[in-house]
Amino acid sequence: MQLGMIGLGRMGANMVRRLQKTGHECVAFDRNAESVKAVAADGATAAVSLDDLVKKLKKPRAIWLMVPAAVVDATLGQLTGKLDAGDIVIDGAIPITSTIFAARKTLPQRNCITWMSARAVACGSGARYCQMIGGEKETVEHLDPIFKSLAPGRGDVSRTPGREKVPGTAEEGYLHCGPSGAGHFVKMVHNGIEYGLMAAYAEGLNILKHANVGSGTREVDAETTPLRNPEHYRYDFPLADVAEVWRRGSVVASWLLDLTAISLLEQPSLERFSGRVSDSGEGRWTILAAIESTAPAPVLTASLYQRFISRGEDDFAAKLLSAMRFQFGGHLEKAAGAK
């Protein structure tokens with residue numbers, strides 16, 4: 001099957017390579033000419049512009065957008081006058097916002113898959129992708145060969161009891177979630193959950209890291225809370241080994257824990273990292289959806305706020321707390337890092 005790919009970042013380029021390996025034909029374009037040359041060397045057809053890409057695709061065209069969220073609207077606007085009714089646009093960008101939906105409505109066709117988002121999982125034959133898809137049933141079925149080629153398949157994951165009686169593609173690693181926007185929504189919440197899981201691992205392992213606080217000395221003054229039972233906190237845990245043993249049959253085992261174990265083994269003190277954690281939007285949109293639908297999400301909300309804190313977004317609030325303590329009680333700030 002033929003597919004046009006616009007956007008050849010790490011994910012877009014690897015998707016092209018995967019599709020080429022499985023017998024599909026890809027026409028690829030990116031504003032970075034070197035990125036186009038790289039996938040062309042692996043068998044893809046190079047396009048030098050959007051016009052060139054559209055001309056090289058057979059009707060009905062299928063085009064996958066894997067561009068940064070900030071340029072989705074502009075890219076769709078440029079495509080509007082180049083496509084014909086019946087052509088398909090697969091939007092692989094991140095946001096689920098009214099502006100993006102409005103931009104999609106400018107397209108001349110209506111059989112547009114509005115979202116496919118994927119996470120790469122390691123496998124011997126190259127990157128594969130879990131996919132959440134939204135769009136019209138007939139269009140999704142038409143593109144099934146593409147989705148199936150990119151999906152991880154069942155692999156060695158054990159079947160959910162009773163799943164053999166349920167039709168569908170979910171256990172193959174891709175799912176038609178519903179009409180336009182449904183795939184966006186499911187992937188958005190997926191990433192919100194990811195924030196919470198990551199925060200849980202980080203907080204738990206941080207508690208283990210500080211479990212030797214009773215072995216040190218603490219200042220004795222009015223500004224320091226005394227440690228009630230220091231003998232209870234004299235453990236020096238090998239965090240890399242803890243993460244490793246949790247991977248083996250533990251209820252908290254997961255791919256994220258696998259990655260955590262790799263990081264702690266490579267660099268136990270994690271000195272390569274500053275601790276500044278970005279958020280690309282999905283967590284925020286998940287929380288907004290939770291608020292508007294009155295679906296409580298305290299864990300996911302706290303994990304998002306923790307990312308804000310990691311970037312110093314609470315520095316002024318912390319200074320104001322310190323200032324108030326000084327004003328009402330003459331409390332002086334302790335040196336940074338003091339307990």
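Start by selecting Lys334 and Asp221, whose side chains meet in a salt bridge, 3.1 Å from N to O. This pair ties together distant parts of the chain, 113 residues apart: Lys334 sits in the segment after helix H13 (315-329), and Asp221 in the loop between helix H8 (182-209) and helix H9 (239-247). Lys334 is partly exposed, at 28% relative accessibility, and Asp221 is partly exposed too, with a relative accessible area of 30%. Keep in mind that you are looking at a predicted model.

Next, stay with the loop between H8 and H9 and pick Glu223. Which residue does Glu223 form a salt bridge with? The partner is Arg325, and the closest N and O atoms are 3.1 Å apart. Glu223 counts as partly exposed at 27% relative accessibility, and Arg325 counts as partly exposed at 35%.

Now select Lys59, Arg61, Asp84 and Asp87 together; salt bridges with shared partners join them into one network. Side chains of opposite charge can pair when their charged atoms come close. Across the whole structure, a search finds 19 salt bridges.

Is Asp52 buried or exposed? Asp52 counts as buried because its relative accessibility is 16%, under the 20% cut-off. Lys56, at 35%, counts as partly exposed.

Time to look inside. Select Leu3, Met5, Leu8 and Trp64: these have the most contacts inside the largest nonpolar core, a set of 26 residues. Elements that each supply at least two residues of this core include strand S1 (2-6), helix H1 (10-21) and strand S2 (25-29). H1 gives the most, with 4 residues.

Zoom in on Leu8 and show its surroundings. Beyond its neighbours within four places in sequence, Leu8 is in contact with several residues, among them Ala13, Val16, Phe29 and Val39. Then move to a second, separate core of 17 residues, which includes Val54, Leu65, Leu76 and Val89.

Finally, zoom out to the whole protein chain. How many helices and strands are there? You can look for 13 helices and 8 strands. Of the 339 residues, 36% count as buried.

How values were computed
Residues numbered from 1 in each chain as written. Predicted model: local features only at pLDDT ≥ 70, side-chain atom pairs only at ≥ 80, totals over all residues. Heavy atoms only, no water. Buried < 20%, exposed > 50% of the residue type's maximum accessible area, 1.4 Å probe, protein only. Core = buried A, V, L, I, M, F, W, Y, C linked by side-chain atoms within 4.5 Å. Contact = heavy atoms within 4.5 Å. Salt bridge = Lys/Arg side-chain N within 4 Å of Asp/Glu carboxyl O.
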